[in-house]
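Please look over the sequence and the 3D structure shown here.

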Amino acid sequence: MWTLIALLLGFVNVAFALVYLYLTWFHSYWDKRGLVTAKPITLLGSYPGLFGGGTTFIGDLGNIYSKYKGKHRAVGVFLTRQPQIFVLDPALAHEVLVKNFNAYRDTVTSSYVTHSQDYDKYVSRNPFFSAGDEWKKRRTDGGAGLTSNKLKQAYSIWEQTGNMLLDYMARCIEQRSDNVIETRDLCYRYTAQAMGDFIWGIDAGTLTCGPNETSQFLNMNTAWAYHAFQSMRTFNQTAIAPIARRLLRMRFFTQKSDDMYLKLTQDAARLRQSGSGASRNDYLAHLLQLQQKGASYDDMVGHALTLLMDGYETSGAVLYHFLYTLGEYQEQQEKLRAEILNALEGDKSITFEQLNALPYLDQCVNESMRLTSAIGFFIKICTKPTTIDLGDGKIVNVEPGTTVLIPTYQIHHDETYYSDPKTFKPERFDNDAAGEFHKRGCFLPFGDGPRICMGMRMGLLNIKMAVVQILSKYKVEQTSKLPLSADSGLGIFLDGDVNLKYTKL
């Protein structure tokens, strides 16, 4: 019996030793290459917050950034056990994203779907998850329907959705004595309605139903987006053993959501082809043009869901954070309202050109995106051998397959580049300062370079139309302070119900 116990203990010790060696095998990787290794390194790598334990991934990024910024251009870290370069200098971020793009063409998300292209077919058709030439083709095909001219042609969709938003808000206020509306729900209803109309030409019913009711389309989008963002965290965790993704048949989009969006796209296409809405200049019209050029229904759904992620989830998140911030900063809200009312003077509507020519609105949107940083980091993959100049005559060789992390949330909140970074100061983006910040690598709400967010123009149109409509009719006020502590897997968001008071002007 004692022999058996000894054998079991020996086996356990050997097993632990093997696991320890597996997890720590590469921990001297950067030291050998002359790059400072960020400390501490745990058995789970540089980001234990990926696995919980009282911290978050974004929190871990902040700890590393605060410790080493100003001392090095970059440091070596480990995404679980995988060597990674952590960028500390915005100029280096610009180099990775723009100047030396050809050496960092792919994103880490493209490596997450190499095992699942046969069954997670719609995420693999998203440019955000695509690599190499496939990325370029998908971005070219999908982006052709999102040019400024295309959005101008579809502008009436946002005008109508903006009016529906005001009607819905009026009904909400009628049912309450305190004029308070839960604004997270309000913003997602608005973006769902706009995207349903623009992408599929449907009335999503999210702003026409009662305040205590939800539409099937909204429920479907909520479940789809929630699963996708939770999967992002899970896929980051499985960097510790990537084979688990294949063994567990991990996927970003569920089969149920795939089936629903395929049916929605097929039904919308057939209805349009029957003659209904044939004159509409929306994204469905663009998808049907792609179909005539050989795109399958699966390709069409892939493009549609690429837009939905940007235009529904991300736009909705940026919008409710923006309104929450305006509710605190009344002076800036009044200044923005004055600009909006001046543009609306003599007419109740605002043209596409006018909406995109409101300088203070642009400043406020940029400042809100800096504060929120919906995408808190970017991770690029080295695709061909290159080098990084570390300064002081030091150079590190970067091998293909190595990932490079750019901590956008931390850069956006660094007092080196933004004085009093926690305060909402739209004036810091006056006189096209956004362009200058962008060139310096200090302002990256949409990323930069050839892989900059494809839905950027559409997302800004979503946000601007809603803000113009709301501020022209209501004063917005906070009812309580909320913590920025909800981890989405990509960024940190307000935690709790976003209850804002809307007082009719």
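## Two packed helices

Helix 13 (residues 297–328) packs against helix 19 (residues 456–473) at an angle of about 35°, and their axes are 9 Å apart. The model is predicted, so local features need pLDDT of at least 70 and side-chain atom pairs count only at pLDDT 80 or more, while totals for chains, interfaces and linings use all residues. Residues are numbered from 1 along each chain as its sequence is written, and side-chain values use heavy atoms, with hydrogens and water left out.

Helices (H or I, at least four residues) and strands (E, at least two) are DSSP runs, numbered from the N terminus. Axes are lines fitted to C-alpha atoms, for helices over the stretch in contact, and angles run from 0 to 180 degrees between N-to-C directions. The crossing of helix 13 with helix 19 is right-handed, that is, the near helix is turned clockwise from the far one by less than a right angle.

Contact means heavy atoms within 4.5 Å. Among the residues that meet are Leu-307, Phe-322 and Leu-326 in helix 13, and Met-458, Ile-463 and Leu-471 in helix 19. The contact of helix 13 with helix 19 has twelve nonpolar, four polar and one charged residues. Here Ala, Val, Leu, Ile, Met, Phe, Trp, Tyr, Cys and Pro count as nonpolar, Asp, Glu, Lys and Arg as charged, and the others, Gly among them, as polar.

## The core and a loop

A nonpolar core is a set of buried Ala, Val, Leu, Ile, Met, Phe, Trp, Tyr and Cys residues joined through side-chain atoms within 4.5 Å. The largest one has 162 residues, and Trp-200 and Phe-86 are among the members that touch the most others. Helix 13 gives the largest share of this core, 16 residues. Beyond four places in sequence, Trp-200 is in contact with residues including Phe-217, Tyr-261 and Leu-308.

Pro-407 lies in the loop between strand 8 (403–406) and helix 17 (408–412). Leaving aside neighbours within four places in sequence, the contacts of Pro-407 include Phe-86 and Phe-377. The C-alpha atoms of Pro-407 and Ile-64 are separated by 9.9 Å, although these residues are 343 residues apart along the chain.

## Cysteines and accessibility

A disulfide is a pair of cysteine sulfur atoms within 2.5 Å. The count is zero disulfides. For Cys-364, the nearest cysteine sulfur is that of Cys-187, 16 Å away. The sulfur of Cys-453 is 18 Å from the closest one, in Cys-187, so a bond is ruled out by distance.

Buried means under 20% relative accessible area, exposed over 50%, partly exposed in between (1.4 Å probe, protein chains only).

| Residue | Relative accessibility | Class |
|---|---|---|
| Cys-364 | 0% | buried |
| Cys-453 | 23% | partly exposed |
| Pro-407 | 0% | buried |
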